[in-house]
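I opened this model to look up its sheets, a few helices and the contact between its chains. My notes follow the structure.

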Amino acid sequence: MAYAELHCHTNFSFLDGASEPDELVARAVELGLSGLAVTDHGGLYGVVRFATAAREAGLRPVIGVEIELADAAVPDPAGVVIPVGRPRRRVGGAASGRSPAGSAAGAAPLPDARRGEGLPARPRPDRTRLPDYRSSVKEDLRGVGEGQRGPHLVLLARNAAGYRSLCRLVSRANLAGTKSMPRFSHALLAENTDGLVALSGCREGEIARRLRFGDREGARAAAERYARLFAGQHAQSDSVASATFFLELQHHLLPDDDWLVAETARLAEELSLPVVVGNDVHYAYSEGREMQDVLSAIRHGRSLGELRDLRRPDGESFLKAADELMALPPGNSDADAHTAAAWAQGIGNAGELAASCSVDLGFERYRFPGFPIPKGHTPFSYLEELCHEGARRRYHPISSTVLSQLAHELDVIERTGLAEFFLICWDIMRFSRERGIPAQGRGSAANSIVAYVLGITRVDPIRHHLLFERFINEGRASYPDIDIDFSSARREEVIQYVYSRYGPEHTGMVCNLVTYRARSAVREVGYALGFPRPLVDRVAKALETYDSVMVRRDLEADGGFGGFFADTVDREAAAAGASNKRGLTDRTGRLNHPRHWAADDKGGPGDSPASAIRLAGRPGRGSGLHSNPAQSRPQTLRGSTVGMSEWERWLAFCARIDGFPRHLSIHSGGMLVTAAPLIDIAPLERATMADRVVVQFDKRDVETLKLIKLDLLGLGMLAAIDETLGLIESDCAARVDLDRLPEDVPEVFEMLGAADTVGVFQVESRAQMQTLPKSKPADLDDLVVEVAIIRPGPIQGNAVHPYLRRRQGLEPVSYLHPSLEPVLRETLGVILYQEQVMQIAISVAGFSAGESDGFRRAMGTWRSNKEMEKLHARFVDGCRAANGLTDEQAEELFRQVAAFASFGFAKSHAAAFARTAYESAFLKLFYPAQFTVGLINAQPMGFYPVEVLINDAKRHGVAVLQVDVNASSYKTTTEWVGRDGEPGYEEARHGQRPPVRSSGCIVPSAESRARWTPESATGFGIRLGLALVKGIGDEHAERLDAELARGPYATLTEVVTRTELPEEVIERLIRAGALDSLGRPRRELLWQLREVMGATRGRTGRAAGQPMDLRLPPTPAPELPPLTERERLGDSYAVLSLDARRQVVSIFRPALERLGAATNASLADRGPGPVRLGGLVVTRQHPMTARGTVFLALEDETGMVNVTLWPDAWARLRGVVRRHALLYVEGTLQREAAVVNVIASDIKPLPAVAESVGGPSHPEGVRALGYSGMHRG
Amino acid sequence: MTRLLHEHPAIDVDLGSDGEPVAFRWNGRRERIEVCNRWRVEESWWSRPIARDYFKVAGRNWLALLYLDRADGTWHLERLYD
């Protein structure tokens, strides 16, 4: 009998479904089901993935949803259906009413005057919001069982109209409801029944609820009402293929299930309604109920033991085959004949109903919103005109190469029908140019000369020999994407523009699925399993990884937890050694994730008090409870966890929950723009951000649906450069036009070659700094390689070292096979670019252009191993047949290509980024003060914390001035300090000692300064802004700047009343030295602060800015000891995480000298050998590609140095390194070209070491310092 | 009057062709029974796993609650209604 399961939850029911769509599909195929429906709660989140997986597996997908209704179908005076009296707890302030007029005005239609310029005619120009929009209210549903919520109903889409109804219904309910709590009413349901089939649902459906309550009449009336509702104009039909309402029969072996099935079957017979059997599936295998219970516990914020009836009472909600369902009691011989007949009928009907449902999720024809064009033009002819106009601007003269490339691209664009897409992007760029919003295209679009001449990208594809086919080719199954970076500070303006331009009905943000990662998994699973919170927190903090499957590795490595896994550690280490021998990647180049562990250890004694208490409190742990040998061999990823130790179970669930969706957030910049109203194509829901609507599909889904997505991204560097240019203009009255900046300023390349790149876009990371002195880029092309090379892809593909050696002339350029030479010549024989992968597929393995892009994409996304194997065979055979490679050569080539492709960079992307890197390097070199200010104000961005940026600026001779209420504005600014040697220069630097300039610092020569900068450029220093003080945020900006402009603060009272800052923030200001300009000692100010706050309490606001009439002057402070330098520094680090005057390591310098430690600056002139160092950790990296090696960037007052910890050193020193920021390192100095590296052999906390030789001990506050930068990179 | 049997004594059960009990023996008496209701319980798998199929059965003298322990396949008597 063909059976299809029509009531099935995937893990996209968000914490109420324990299997991924793929797993359910695979199991359904295994069980021989003819179809499978996805009916997640209140949304269509998983349908695209599910439908794709089902189609690939040859299973009929049925798309549906299970909704929770807000009202009853027929009157419900007894409160059977809609439970009364449930306390409605709301979280946070209830936002009510309409939002402020500002945002409404922002989305209002543009004035008529601008219509003529080619604005699209919007279908409903009066509409600024989607229908049924209500402001958001959050509701806390933890601890609220299903029985206390509204009745359920399952809806399935029979056809395209049905899918549209589902989208509309889900969207409207979401917009009418609250975030993650859509509101489905019967009125809404009645408007959207076209093409839908309804099932009466589980035991929480209205009919089942009424039956269970004994309200047969009500149940009957409700069933009749539903039948009428879904029948529409047609009478309810007898045939399953056209019936629209079914009573659902379910049997989960609960005490009253026999009765409920019999009653429902009777009702069906009385009303002549068809029945269908479903199992309300929540997991694919019966063991999944354990995961399901854990998810329920997480959802309700309780531990398993406290869940009680919030757990599903049965463990039977797994996917069952027809014969398993037939074997249930209603199908048994002793069930009454009616029920047995209905049950058998219901199973048959399910298969038949599934067969009648068919939805095609291809929306190609709805792609474009219709871009209006001037009369007499088609979109294509208009695009052509714009391109030729643009070409005349970009190229002088226009060469024949340019013309032929342009003609070729336009030809492809015409045939693929993408003209409108380019016009949309062009229009967005036009808007940002008009508004002065920095913007530039990135990614594969930079391969296109059309994008270049339209001003979308800034990279000339002719000049860089880029491959247009990487962007668009006719064989490509999916659509090109244009990613545009905007200044992160102003991206929102662009998004608002797109909304207003195409209307909210046609525009939506793509969602981003937030899934479980290591820390969230450890925490939430830990709480659910009942581990004490402090222990869970400790474990979560001990993690380095983001991958929840790798949790075990981290915990085993950590001293505090290793004991729990004592049995496995040795075996794991042996296994790890074996896998290292094989390399980090397997045959197909995929990373070797140890996803399967033998997990039969018993746990062991822990060494932390919390763990010890925990375990002591559970005497029964692991004590022969489970004697069944079949159960004592647990599997980690599937199978029961019964019999595992608590710790094992914790890890097992962490591994299983990996990648489970938890909630939605807005994708960083994906915008969907469609022709048909979006609400007909995709389900919408509200985002957390006010007034923002997201599509329930993520970017992969959107691609599958063949819709057009624009990626509008925010890039901090563009904001930083924009601000830098603004500052240069206001400080030096000079305009730097980066578009006209020559590409060959030699000192910029000298600086890059010296790795003097803190703050420079893309090349500031540790790994970049380690390679720059070897690769020594000499022109922009070299810089493109540099940007592309330090990526996980090339590192894994073993490309970096060969390239660097060849670049330095240490080894000859060679090719795996002569046929590779034309493709790889520009990169000296190594694969660096995605374009090269395609070219290899084309010219070496004999793929067509279209196939080569498919090949590249498949390698990058790892859809399935089966697909990979197919491509692998095809590639190897192709290499042999077309070019006569040997088997080994072909396999090696495939391995290189595969290892690279998963992380690779498009050359076009690298070229676009290299240009920005070059520009930022130029600005850093010639305008260091302005550039650093730009970087500081664009934080968070880049690789280094602010402290490193200002220390670096100081080393380049820029004065850094401390935070001062009488000089600092909210943001960090530049301030005139005078040029070196001028009178007053020293005083302006506030007594700062001259900067220690390390030899690695490149400073432009006088001649080139004269050429590139105005004379005044060197006279500026950096005045740190008040925003750096913790507790001062954007909300204070306006007041602080206004008060600063009004005049200086003379007393503490004035500061308190005029700034209206809270007491603890003023205290921080005092401690940071920001009130030193009041002329009173800090201790005295702190003494008086409480009193002044008390006197002014209640007056701030009303009397702000008025002369104060205090009855009593503040009590004079007693004689207080002045602040020591150590205390001052500690305070400064505690409040600002930095100090303007000196780097913290300098106070340990005398002790370090006694220990014979070197300064970082002196390492450049030192030979290889043993070395001792003291420094502050500014970044710590644990790259996946480095096989367990850890890198620390250690800074002292003279510079930064890279410290490497090999895996064994890390295992030994992990505790110290994780807990301390100030470190004393003993190790060996290594040199390679100009690159200096210290291999650590021993690391101790610096303050302790310094104390032992009589140096300064721990300064207050230093503990907290530097941690801001510790988890970057 | 209900008797709750704390230690859930093991009992001998005769099974019918469909795997459901038709008679059980306890305290030296055997009685034919009919199943009135049945349900499955799976509990506390994270601490002391319980996996049982319960049967409410009626005989000539006894009304009883039996269960099959699915972990080891033994039958137990949990409750006896006089």
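The entries below go from the whole chain to single elements.

**Set-up.** I am working with a predicted model: local features need pLDDT of at least 70, side-chain atom pairs count only at pLDDT 80 or more, and totals for chains, interfaces and linings use all residues. Residues are numbered from 1 along each chain as its sequence is written, while chains are lettered from A and ligands numbered from 1 in the order in which they are written.

**Chain A overall.** I counted secondary structure first. Chain A has 50 helices and 24 strands. Helices (H or I, at least four residues) and strands (E, at least two) are DSSP runs, numbered from the N terminus. Of the 1273 residues in chain A, 50% are buried. Buried means that 20 or more other C-beta atoms lie within 10 Å of the residue's own, exposed means 12 or fewer, and partly exposed is in between, with C-beta atoms placed from the backbone. I then looked at contacts (C-beta atoms, placed from the backbone, within 7 Å). Among those in chain A with a separation of 6 or more, 76% join residues 24 or more positions apart.

**Helix α17(A).** What span should the twelve residues of α17 (residues 491-502) of chain A have? At 1.5 Å a residue I expect 16 Å, and the end C-alpha atoms are 17 Å apart, which agrees. The expected span is 1.5 Å times one less than the number of residues. Its buried residues include A:Arg491, A:Tyr497 and A:Arg501. The buried residues of α17(A) pack against α15 (419-435), β11 (482-487), β12 (507-515), β13 (661-673) and β16 (709-715) of chain A. Just after the helix, A:Gly503 has a positive phi of about 85°.

**Strand β16(A).** I followed one of those neighbours. Five of the seven residues of β16(A) are buried. Strands pair if DSSP finds at least two bridges between them. β11(A) runs parallel to β16(A), with six bridges, and A:Asp485 stands opposite A:Leu713. β13(A) runs antiparallel to β16(A), with three bridges; there A:Leu672 has A:Lys709 as its bridge partner.

**Open sheet.** Three strands of chain A line up as β17-β19-β18, with mixed pairing. Which strands are at the edges? They are β17 (960-961) and β18 (973-976), each pairing on one side only. β18(A) and β19 (residues 1020-1023) of chain A are antiparallel and share four bridges. A:Glu975 faces A:Gly1021 in β19(A). Helix α39 (residues 928-937) of chain A lies across β18 and β19, at about 20° to β19(A). Axes are lines fitted to C-alpha atoms, for helices over the stretch in contact, and angles run from 0 to 180 degrees between N-to-C directions.

**Barrel.** I found a closed barrel of five strands in chain A, β20-β21-β22-β24-β23, with mixed pairing. Its twist averages 55° from one strand to the next. Ten bridges join the antiparallel strands β23 (residues 1222-1232) and β24 (residues 1235-1245) of chain A. A:Val1225 has A:Ile1243 as its bridge partner in β24(A). Helix α49 (residues 1207-1219) of chain A lies across β21, β22, β23 and β24, at about 65° to β24(A).

**Chain B.** How many residues of chain B are in contact with chain A? Eleven are, against 17 residues of chain A. The chain B side divides into five nonpolar, one polar and five charged residues. Here Ala, Val, Leu, Ile, Met, Phe, Trp, Tyr, Cys and Pro count as nonpolar, Asp, Glu, Lys and Arg as charged, and the others, Gly among them, as polar.

Terms used
Contact = placed C-beta atoms within 7 Å.
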